[in-house]
Each structure stands twice: as C-alpha cells, then as structure tokens.
Amino acid sequence: MIRHLTVEVICHWSVDPPAYRIFVDDDLMTERTFGWAGYQFYIRESLAVDVAAGMHNLRLENLGPNGKFTLRNMTVDGNPNQEIFLKYQDNLIDWNFACHQ
C-alpha cells in the first residue's frame, strides 16, 4: 500500500555544504546536498513509499564530516509520528514508524 511520509530536515553547518541520504526500510529514497543556512531554512521531504502495515524505519545518513542534521515533524499519511521513536547516533538518524491498515 502506498504511504505518504513527510519529514523536515534541518542542518547546522559551516564551510562546505553537507550531503545526506534518506532510506525507508533500506530502500534509498533521496540524496541531497543541504546548501541553505540551517538557522533559517529546512527541507521538507515528501516521500511516497509502498509498505505494508506494521513497523518501518526511516534513516538519514550524513555523507560526510560536515554538518549536524536533525529531523522533526514526521507524518505518516498526514498523522504525526511521535518523536519518542527518533534516535540519533554518530552520523545516522533513525525514526521508527507504524503503518496501520
């Protein structure tokens, strides 16, 4: 079933713009360079994914040493996903989410 995910990507950086990849359940969804000032702008990623009911994972990978990424305001089919399922570690961010029937 097609699910619609949105998530806001924020990044604080200096010198060279950092790049990131977003995966959903190990499928690459997007790769971008964050070239805007993180204190003023964010990127709202809008993803259409074909996943079954159950638990899934959205993962952001920082592709270099520059920048500190954060995620906020994730929705699944228009419903907010709780930030208690958000985990930061080194250059990875994991956000688990549930899809219902």
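This short report looks at aromatic rings, charges over rings and cysteines in a predicted model.

Residues are numbered from 1 along each chain as its sequence is written. Local features need pLDDT of at least 70 and side-chain atom pairs pLDDT 80 or more, while totals for chains, interfaces and linings use all residues; side-chain values rest on heavy atoms, without hydrogens and water.

Let's begin with the rings. A pair of aromatic rings is described by the distance of the centres and the angle of the planes. Rings of Phe, Tyr and Trp (its six-membered ring) pair if their centres lie within 6.5 Å; planes under 30 degrees apart are stacked, over 60 edge-to-face, and the rest tilted.

Y20, F34, W36 and F69 form one aromatic cluster. Which of these residues are buried (under 20% relative accessible area), exposed (over 50%) or partly exposed (in between; 1.4 Å probe, protein chains only)? Y20 is buried at 0%, F34 is buried at 0% and F69 is buried at 5%, whereas W36 is partly exposed at 44%.

Next come charges over rings, where NZ of Lys or CZ of Arg is within 6 Å of the ring centre and within 35 degrees of the ring normal. R59 has its charged end over F23, 4.4 Å from the ring centre, and R72 lies over the face of Y42 at 4.8 Å.

Finally, the cysteines: C11 is buried at 0%, and C99 is buried at 5%. How many disulfides (cysteine sulfur pairs within 2.5 Å) does the whole structure have? The search finds zero.

Technical notes. Disulfide = S-S within 2.5 Å.
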